[in-house]
Each structure stands twice: as structure tokens, then as C-alpha cells.
Amino acid sequence: MAAREHIEVVMRRVRREEFLPGDVKRHAGMDSALPIGFGQTNSQPTTVADMMELLDVPAGARVLDVGSGSGWSTAILAELVGPGGQVHGVELVPELVERGRANLEGFDVPWAEIHQAEPEALGLPGLAPFDRILVSAMADSLPDELIAQLAPGGIMVAPADGEMYRVRKGRGAGAEGIAITAHGAYRFVPLL
């Protein structure tokens, strides 16, 4: 099965409506970002599929999900890595951390968890390195703090300044080991 087909199968299994607030659930089938409260959104399904395809998540990977929101992307990533992997979601809004954790409980993915973001820290540097990092909020530029949390050979997919980027860290040390490609214009809530 092709990567995109596999992602779409997983996204159908991890039903979006399970991660939306009650009054928004009826819009789950729309291909648009939907509000989940606190100024945050649940990204549109085609954008999520695009990002997952760029991320190229292998089974058994250690993944960081920055801006996990309602937990939908965390659950999708958990299905992609399988029980041999780990997924660490991180969210700034305490109410969304609790909601995301509750939403994850509805799925049998004990290898995935959502953490409360630490003040003044981006990502989860204490748990780094990660094989894959997904960022679901827009920064002004690619965050060096997250690139530093990538394992050698790791990939980060992140929007910055209106564009979607794929960052691949080389197996060697140093900035020369970083390859960055742009993948089109996207809109997201700001990375806080």
C-alpha cells in the first residue's frame, strides 16, 4: 500500500469527530480547520494527510507532536508508529492537554501520551532526540530548538512564515547536515 493510502486508512480509523468538541462534531467531515476552543483549531484533514506524508513515519519511531491540541494528530501518529514506537504530544493550553489525554483514552495506544508544555521550552528537550517531529502551529521561522531535538537522520515537518517545510537532519553533526525543502503555502494558528 502506498504511503498516502496507508495514512488515509489510519485517518479513517482514528475518526476526527472523536476529537472535536460536542458542538463541532457535526462538521467533522468538512475539509477545513475547525475550532476546538482557546483560540486553537483541529487542522483540516487534507493538511494533516499532507503533513503525515511528508513526515514519512516508520513503524517503531519516536515522535514528537508539537501543538497536539485535541489529540487527533497524536492518535494518528500512534497508529503509524505502532506499539514498538513512542509518541509524545505536547500542548500549551492546560484544558486541551486534559481533553487530548481523555480523547486518547478512547484508543488503545498506551505508547502515546500528551504532556503539558513547559514554560519557556519548545518541544520536549528532556526526552529528545526524536526520529520525527510534527509541528501543527505556525512560527515566524523554523525553530532551531526543535531542529536540535531531531535525532540524526530525523525529519521535522513544520509550517513557518506561511510555508510548509520538511527538515531532514543528516547523520553527521553540524548545520551542514540539515536539508530543508518547501512544500507550498499553508495557514495555521500561531506557534506560542
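These are my notebook entries on a predicted model, taken one topic at a time.

**Entry 1: strands**

I began with strand 7 (residues 150–160) and strand 8 (residues 163–169), which run antiparallel and are joined by six bridges. The two make a hairpin with two residues between them. In that turn, D161 has a positive phi of about 50°. To place myself along the pair, I looked up A158 and found Y165 of strand 8 opposite.

Next I moved to the other partner of strand 8. Strand 9 (residues 178–185) pairs with strand 8 in the antiparallel sense, over six bridges. Here R166 stands opposite T181 in strand 9.

**Entry 2: aromatic rings**

How many aromatic pairs does a search of the whole structure find? I got one. The ring centres of F19 and F107 are 5.2 Å apart and the planes sit at 20°, so I noted the pair as stacked. The two come from distant parts of the chain, 88 residues apart. F19 is in the loop between helix 1 (3–13) and strand 1 (34–37), while F107 is in the loop between helix 4 (94–105) and strand 5 (112–116). Both F19 and F107 are buried.

**Entry 3: nonpolar cores**

The largest nonpolar core has 36 residues, and V14, M52, I76, L77 and V157 touch the most other members. Among the elements giving two or more residues to this core are helix 1, helix 2 (45–55) and strand 7. Helix 3 gives the most, with seven residues.

I then checked what L77 touches, leaving aside neighbours within four places in sequence. The contacts of L77 include M52, L55, V87 and L134, and also D65. There is a second, separate core of 17 residues, with L64, I147, M156 and A160 among them.

**Entry 4: salt bridges**

I count seven salt bridges in the structure. In one, E53 meets R4, with the closest N and O atoms 2.9 Å apart. E53 is in helix 2 and R4 in helix 1, 49 residues apart.

The salt bridge between E98 and R101 has its closest N and O atoms 3.1 Å apart. Those residues are three apart in helix 4, so about one helical turn separates them.

Methods:
Residues are numbered from 1 along each chain as its sequence is written. This is a predicted model: local features need pLDDT of at least 70, side-chain atom pairs count only at pLDDT 80 or more; totals for chains, interfaces and linings use all residues. Side-chain values use heavy atoms; hydrogens and water are left out. Two strands pair if DSSP finds at least two bridges between them. Helices (H or I, at least four residues) and strands (E, at least two) are DSSP runs, numbered from the N terminus. Rings of Phe, Tyr and Trp (its six-membered ring) pair if their centres lie within 6.5 Å; planes under 30 degrees apart count as stacked, over 60 as edge-to-face and the rest as tilted. Buried means under 20% relative accessible area, exposed over 50%, partly exposed in between (1.4 Å probe, protein chains only). A nonpolar core is a set of buried Ala, Val, Leu, Ile, Met, Phe, Trp, Tyr and Cys residues joined through side-chain atoms within 4.5 Å. Contact means heavy atoms within 4.5 Å. A salt bridge is a side-chain nitrogen of Lys or Arg within 4 Å of a carboxyl oxygen of Asp or Glu.
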